[in-house]
Amino acid sequence: MIKWAGWIITLFGAAHTLLALTAERAARHAGTWFSGGLWSEDLADMSPAGSAYWLSLESFGIPLTLVGLTVLWLDRRGITPPAFIVWTLASWTAVDAVVLPFTPWPLIALACALLLIGARRARRDGPAPEAGLPRA
């Protein structure tokens, strides 16, 4: 369960970033990004290059990918991910569901459910004696 959750989170974050850069063509603004073109950008009145930057490289995609990879890393070591990861992600997903209901937030909700079920099973089965912060 935990491994599936980690893969869902990782793929969701990576797909968001890569699709924003390619399918949404955000990468065409890279010249503006790296030449200082956003330094005086007004967030209340963003340019197309600023919007593209916030949609792609500065979005939740990269941090979400890191969270997913962390969950996978913990799982490979037999460590149950800490509860704050799933509760923070679940809270964020609930806000996303209300604010942007027609986005793929159900995938992250599924990952949260899998993490909760996996953590509950790990607590029920008890720790493995040879690991530091283990799960079965």
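**Thr-17 and beyond**

Analyst: Thr-17 has its place in helix α1; helices here are DSSP runs (H or I, at least four residues), as strands are (E, at least two), numbered from the N terminus. Keep in mind that this is a predicted model: local features need pLDDT of at least 70, side-chain atom pairs count only at pLDDT 80 or more, and totals for chains, interfaces and linings use all residues. Residues are numbered from 1 along each chain as its sequence is written, and side-chain values use heavy atoms, with hydrogens and water left out.

User: Is Thr-17 buried or exposed?

Analyst: Thr-17 counts as buried, because its relative accessibility is 8%. The cut-offs are under 20% relative accessible area for buried, over 50% for exposed, and partly exposed in between (1.4 Å probe, protein chains only).

User: And what is Thr-17 in contact with?

Analyst: Leaving aside neighbours within four places in sequence, Thr-17 is in contact with Ser-56, Ser-59, Gly-61 and Ile-62. Contact means heavy atoms within 4.5 Å.

User: Where does Ser-56 lie?

Analyst: Ser-56 lies in the loop between α3 and α4. Ser-56 is buried, with a relative accessible area of 0%. Not counting residues up to four places away in sequence, Ser-56 touches Thr-17, Ala-20, Leu-21, Ala-26 and Trp-33.

User: Back to α1. How many residues does α1 have, and how far does it reach?

Analyst: Helix α1 has 20 residues and reaches 29 Å from its first C-alpha to its last, close to the 28 Å expected at 1.5 Å a residue. That expected span is 1.5 Å times one less than the number of residues.

User: Which elements do its buried residues pack against?

Analyst: The buried residues of α1 pack against α2 (30-34), α3, α4 (61-76), α5 and α6. Among the buried residues of α1 are Ile-2, Ile-9, Phe-12 and Leu-21.

User: Changing topic: how many aromatic pairs are there?

Analyst: The count comes to four aromatic pairs. One is Phe-60 with Trp-92: the ring centres are 5.4 Å apart and the planes at 80°, so the pair is edge-to-face. The pair links distant parts of the chain, with Phe-60 in the loop between α3 and α4 and Trp-92 in helix α5, 32 residues apart. The rule takes rings of Phe, Tyr and Trp (its six-membered ring) with centres within 6.5 Å; planes under 30 degrees apart count as stacked, over 60 as edge-to-face and the rest as tilted.

User: What about accessibility for Phe-60 and Trp-92?

Analyst: Phe-60 counts as partly exposed at 27% relative accessibility, and Trp-92 counts as partly exposed at 41%. Phe-12, Phe-60 and Trp-92 form one aromatic cluster.

User: What's the volume of the largest pocket?

Analyst: The largest pocket has a volume of about 340 Å³. Of the 17 residues that line the largest pocket, the closest to its centre are Phe-60, Trp-92, Asp-96, Leu-100 and Thr-103. On a 1 Å grid over the protein atoms alone, a pocket is an open set of points with protein on both sides within 12 Å along at least five of seven lines, where a 1.4 Å probe fits; lining residues have an atom within 4 Å of a point. Points are joined across faces, edges and corners, and the volume is the space filled by probe spheres set on them.

User: Which element gives the largest share of the lining?

Analyst: Helix α5 does, with five residues.
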